[in-house]
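Subject: Structure for you to look at

Hello,

Here is the structure I said I would pass on. Please open it and keep it beside this email as you read.

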Amino acid sequence: MKYSLPLLPLLLISGISSCQQPAKKTAINNVKVGGNCEGCEAIYESPVPFEQLNEVDTLPDFNETGPRIEISGTIYKADGKTPAPGVVLYVYHTDQKGLYPKKDGAKGWGSRHGYIRGWVKTDQSGYYKFYTLVPASYPGGTNPKHIHPVIKEPGYSEYWIDEFVFDDDPVLPQEERTRPNPVGGAGVLKTVPIAIGMKDGMLRATRNIILGLNVRNYPK
């Protein structure tokens with residue numbers, strides 16, 4: 001299931017620092033997949049070009065107060081076995097109040113998605129990892145806490161996969177834990193604590209992703 005963002009007014013936009021060149025959208029020869037994907041173009045707002053992205057990123061909220069988590073996994077090609085290098089994964093989520101916090105003068109989709117977002121690109125073994133805080137549910141606490149992901153693989157348009165959600169979340173519906181056709185593979189994270197040196201108190205979770213799995217219009 002895709003959890004929609006609350007409708008919020010867009011803020012005035014400003015330019016990106018001249019010392020960084022954002023990723024550029026190149027639709028040439030991209031096969032359109034995934035159906036409607038509002039906001040997926042935010043993946044091209046990476047502050048650095050895709051070719052310079054690493055397989056590891058730390059989201060801006062990591063040093064704020066809240067439950068820290070390390071999320072990692074392998075992205076596989078459509079056969080579910082072959083590692084997929086060079087795949088860009090864009091993620092964003094709420095803060096500890098369940099809001100998408102904006103910076104003054106937020107630009108583009110940063111005015112909707114907030115500043116708690118990051119970009120990784122899988123290495124030659126298909127591996128990715130990012131550090132962040134476990135997000136909070138939207139105000140009211142009836143919506144499961146979740147992390148939004150967007151995928152961009154070579155040759156295909158950007159597309160949604162199922163959100164990262166949390167198995168220990170009391171408001172996560174049972175049907176979400178056992179969905180028969182999860183997009184990109186199961187997104188339910190089972191967290192375990194890390195107790196090594198400076199990582200005391202952190203959580204760790206793994207999610208592997210299969211490109212095109214249950215994605216609309218994806219070539220067989």
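A polar contact of 3.3 Å joins the side chain of Tyr-131 to that of Glu-70. Bear in mind that this is a predicted model. Tyr-131 belongs to strand E5, which covers residues 127-133. With a relative accessible area of 12%, Tyr-131 falls under the 20% limit and so is buried. Leu-203 lies 72 residues from Tyr-131 in sequence, yet their C-alpha atoms are 9.8 Å apart in space.

Now the overall picture. The protein has two helices and 12 strands. In sequence order they run β-β-β-α-β-β-β-β-β-α-β-β-β-β. The protein has 220 residues, and 48% of them count as buried. If you take the contacts with a separation of 6 or more, 73% are between residues 24 or more positions apart. The accessible surface is about 11,200 Å², and carbon and sulfur atoms hold 55% of that surface.

How many disulfides does the structure hold? There is one, formed by Cys-37 and Cys-40, with 1.5 Å between their sulfur atoms. Both Cys-37 and Cys-40 are buried.

Next, the aromatic rings. The count of aromatic pairs is 11. Why does the pair Tyr-156 and Tyr-218 count as stacked? The ring planes of Tyr-156 and Tyr-218 meet at 15°, with the ring centres 4.9 Å apart, so the pair is stacked; the cut-off for stacking is an angle under 30 degrees. This pair links distant parts of the chain, as Tyr-156 and Tyr-218 are 62 residues apart. Tyr-156 sits in the loop between strand E6 (146-152) and strand E7 (159-160), while Tyr-218 is in the segment after strand E12 (209-210). Tyr-218 has a relative accessibility of 11% and therefore counts as buried.

Ring pairs also link a cluster made of Tyr-90, Tyr-92, Tyr-100, Trp-119, Tyr-138 and Trp-160.

Two charged side chains sit over rings. Lys-103 has its charged end over the ring of Tyr-115, at 5.5 Å from the ring centre. For Arg-207, the charged end is over the ring of Phe-164, and the distance to the centre is 4.7 Å.

Arg-207 also turns up among the neighbours of Val-183. Where is Val-183 found? Val-183 is in the loop between helix H2 (174-177) and strand E9 (188-189). Is Val-183 buried or exposed? Its relative accessibility is 18%, so Val-183 counts as buried. Leaving out residues up to four places away in sequence, Val-183 touches Trp-160, Ile-161, Asp-162, Arg-207, Leu-213, Asn-214 and Val-215. Trp-160 is also one of the residues in the ring cluster. Glu-163 is 20 residues from Val-183 along the chain, and the C-alpha atoms of the two are separated by 8.9 Å.

What does the side chain of Ser-46 reach? The side chain of Ser-46 reaches the backbone oxygen of Val-48, at a distance of 2.8 Å.

Regards

Note on methods
Residues numbered from 1 in each chain as written. Predicted model: local features only at pLDDT ≥ 70, side-chain atom pairs only at ≥ 80, totals over all residues. Heavy atoms only, no water. Helix = DSSP H or I, 4+ residues; strand = E, 2+ residues; numbered from the N terminus. Buried < 20%, exposed > 50% of the residue type's maximum accessible area, 1.4 Å probe, protein only. Contact = heavy atoms within 4.5 Å. Areas by Shrake-Rupley, 256 points an atom, 1.4 Å probe, with all protein chains shown as cover. Disulfide = S-S within 2.5 Å. Phe/Tyr/Trp six-rings, centres within 6.5 Å; stacked < 30°, edge-to-face > 60°. Lys NZ or Arg CZ within 6 Å of the ring centre and 35° of its normal. Polar contact = N/O pair within 3.5 Å; in protein donor to acceptor, adjacent residues only side chain to side chain.
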